[in-house]
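Open the file in your viewer and follow the stops below in order. Each stop gives a selection and what is found there.

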Amino acid sequence: MSSRDMMLARVRQALADVPAGEGPGGEGRDGPPVARGYQRVHGARTRAQTVDLLAEHLADYRAIVHRTDAEGLPGLIGRLLAERGARSVLVPPGLDVSWTAGTDVTLVEDRASSTARELDLVDSVLTGCAVAIAETGTLILDAGPDQGRRRITLVPDHHLCVVRVPEQVVGSVPEALPRVAPDRPLTWISGPSATSDIELDRVEGVHGPRTLEVILLSAAPETDRAGSREHWAGSGEY
Amino acid sequence: MSGTYLGMPAFPRAAATATRDTRLRANLTHATHTIRDKRAKAVAELDDWAQLRAAGAAVKDRTLRRLDHYLEQLEAAVTAAGGQVHWALDADEANRIVTRLVRETGESEVVKVKSMATQEIGLNEALAGAGIRAYETDLAELIVQLGHDLPSHILVPAIHRNRSEIRDIFRREMASWGRPAPEGLGDSPAELAEAARLHLREKFLSAKVGISGANFMVAETGTLVVVESEGNGRMCLTLPETLISVVGIEKVVPSWQDLEIFLQLLPRSSTAERMNPYTSTWTGTTDGDGPQTFHLVLLDNGRTDTLADTVGRQALRCIRCSACLNVCPVYERAGGHAYGSPYPGPIGAILTPQLRGLAGPLEESLPYASSLCGACYEVCPVAIDIPEVLVHLRERVVQGGPVTLGGTRTVLQPAKGHAAERAAMRAVGWAFDHPGALRAGMRLAARTRRLHPRRLPGPGRAWSRTRDVPEVPAESFRDWWQRTRGTSSGRGTSSESGTSSGPGTSSGPGTTSGPDTSSERRGDVK
C-alpha cells in the first residue's frame, strides 16, 4: 500500500464518526454549515472615499503615495526616478510606453533569461497593478503584461507602482478575490518589506524593496480616458 | 540550548529553569504584551470579527470532516497545473522525499522560507546528514540558526534574544555560513537587519532550490499561499529553479473564496496588521515566471491520529497565528523552549501531545502546562476550544482510554506518576457517597488546620512544589450552613443557594481565607 493510500485510509478511518452523506457530493446533509454572515466590505464609502482610504492605509505602512493624472504621470515618474538617483529602471513588456516618456534613465526589459544577479544591478522597477484593496492598503500584482514576472518587483530596492483610480480600487479582501485569477501567480504587497523580529522594532526593507512608491493615477480628460480604457481592455486583464 | 528538541525535559522542569531567567522573562513580557495590545486594536477595526471567526472555524471543520475528498481534489489540481504531489506518512518519510528531490537537482545547498512543518520534522538536520546545507532566510530563523538555538515563538522565533545577543551571534557566526558580519556592526535593529540582508542576498541570488511550507492550500484550484513580511519568502518562492513545499494535510481549504476569511483573520491575529507586507500565491508552475519544477509534499506525521480524536480534532483548525501564545500567562513566564516542540504556548500544549501521541514524560506533562484561564480560546481566530482539549487530554493521561496511534486504534494505559491522583479521586468519590464520613473528615481537617504543613508530604509533594497548599477554613461550608440556616436537609440544594444572598459571598467562612489562595483555587478548578 502506498503512503498516499495509507494516508487516505487513515483519514477515512479517523472520520468514522462523520455521517456518510455529509460533505461535498453527499446527498442531503451538508455537514456543519458555513455561515458567511461577515461583511463584504466594512462601511459605506463613495469611490473617492475608498481611494482616500487606500492612500491613508498605504501611507500607514510607510509606502509613499503620490497622486496625478495621465498628463502629469510621465513627469512625476521622471522626477521620482531622478530624486532617487536611479540610473536604470526595469519595465514589464506591456507597460504603457507613455509612462516612461519623461525620464532618460536606462530602461531594462523584463526577460526570462535575466539572472537574479542582473536584476540586482537595476536601481528601480516601474509597474502597474491588477487590484488595490483600500481597507488593508494592499496592491495585488497578477503578473499581467504591465506587471511582469514576480521577481522584478522583488529584487530592485525601489518599486514604483501605478494604480488606476478609481477603477482598480476595491474596498475589501472579499471584493478583491473574485477580481484576480487563482491560476496566475499573485503577489500581494502591503507596504515595503518589513520585519519586527528584533525586539519587535519595525524595520523597513529586509529582503524586498526598501522603498515602495505608489502613484494613484486618476482619469484624464474625457477623450484620453476612452483611449486608456481601450488599452486596458486590450491587455486582457479581466 | 542545542538545536534539537530531542531529549527535552518534561514541561515543569524546563519551565522551572526558564522562569528563573529574568532577562528571558523581561523579553517575553515586553513582546507578548506589545503584540496582544496591537492585536486587539487591529481586530477591533472589523466589526464583523465574530462572524469571520465563526466562518473560519466552520470552513476548517467542514474541510476536516471530508479531508480525504479535499486532499484528492487538491492533488488533482496541483498535478494539472504542472506540480508533483508526494505523500509522507511521517517525518522520516518526508525527510527522505525532500532529500531525494534535492539530490536529483544535483545541488547541495537550499534556501528555506520559515516553515513550522519543516521544523516539526527536523528537515534541516536530516538534510545536513545527507550533506545538504539548508539556509534559513527569515531574519528570526537566521538568528536561531546562527545561534545553534531553537525557535521559541511561532511568529517571532527569536523573541527570547535581545539586540546585543543578536549582534554577538552575527559577529561570531556569519562568517562560517557565508558573508561575514560588517565591520563594527552595532546593535540597532536597522543595522542588524541590514547585516542579514547583505548576508542572505548572496544566498538568494545563487540559490537553485527553495524549500517552503504554506499557510493555505486551495483544493479547488491547487493554489498554495504563503504570507510573510520580509520578502525572503518571495525570494525563495520565485528565484530558484526548483521549489519544494512541505505542508501539513490540515492546511487545505476548499475554495478560492475561502481565502477571503483567512486573509482577514490571519494577519490581524498574528502580526496585528491589516495585512502582512507580502502574500504569494502560486498554482503549479508558470512558464517563464518562478520555479519551473514544483513539488508538494503532503505531511501526515500524526495529523490523521489527531483527526481520529473527535474532541482533539479541532486543534487541526489552527492557522499558526500565535495569538494564543501572547495572551497565555504560562507561556509568558515559561517561554517557548519549555514546550519542547516547534509549537509552544497553549496550541503547543494540545498539538504536540496529539501529533506525537501521549508517548513520554514531556507529552504527558503538556496538557498540564496551562492555568485553564481560557484567554487562548478567546483570542483564537478559528475558535479552537483549547481548554476543552487540555482537559480531555488530562483525562487521557490520568485515566487512559481509546486513542489512535500510527493509524491503529488502541487503548492508552493510565500514565504512571498519576496513581496518587487517581487514588485521591477515588477517595473523594467514596467520601461524597458517604456524607457522614465526609462531615467527620471536614471537621477533623478544620480542627487541625494550624498543624497543616505548607508543603505536602508523600505523593502530594509534586503538586505542592509549584503551588501553595490552600488553607483549610475554620468551619466547613456544610457546618456553616447548618449553623446559620440549618434545618434538617444539610445538602444545600435550595434554589437560593446560588444567589447573592447565598452563603459564601460575604461572611466567607465557607470560602478559603486569603485572596491569594482563593484565586489559586479558582485557577485550578475552572
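Select Ala419(B): this residue belongs to helix α20 of chain B, residues 419-433 (helices are DSSP runs of H or I, at least four residues, numbered from the N terminus). The model is predicted, so local features need pLDDT of at least 70, side-chain atom pairs count only at pLDDT 80 or more, and totals for chains, interfaces and linings use all residues. Residues are numbered from 1 along each chain as its sequence is written, chains are lettered from A and ligands numbered from 1 in the order written, and side-chain values use heavy atoms, leaving out hydrogens and water.

Ala419(B) counts as partly exposed because its relative accessibility is 45% (buried is under 20%, exposed over 50%, partly exposed in between, with a 1.4 Å probe and protein chains only).

Next, select helices α3 (residues 49-65) and α12 (residues 259-270) of chain B. Their axes come within 9 Å and cross at roughly 115° (lines fitted to C-alpha atoms over the stretch in contact, angles from 0 to 180 degrees between N-to-C directions). Therefore α3(B) is roughly perpendicular to α12(B) (65 to 115 degrees). Residues in contact (heavy atoms within 4.5 Å) include Trp49(B) and Leu52(B) of α3(B), and Ile261(B) and Phe262(B) of α12(B).

Finally, colour chain A by pLDDT, the predictor's confidence in each residue from 0 to 100. The chain A mean is 89, and 89% of its residues reach 70 or more. Residues 221-238 of chain A fall below 50, and this stretch has 19 contacts beyond near neighbours in sequence. Where pLDDT is low, the predicted coordinates should not be read in detail.

How values were computed: Helix = DSSP H or I, 4+ residues; strand = E, 2+ residues; numbered from the N terminus. Parallel < 35°, antiparallel > 145°, perpendicular 65-115°, else oblique.
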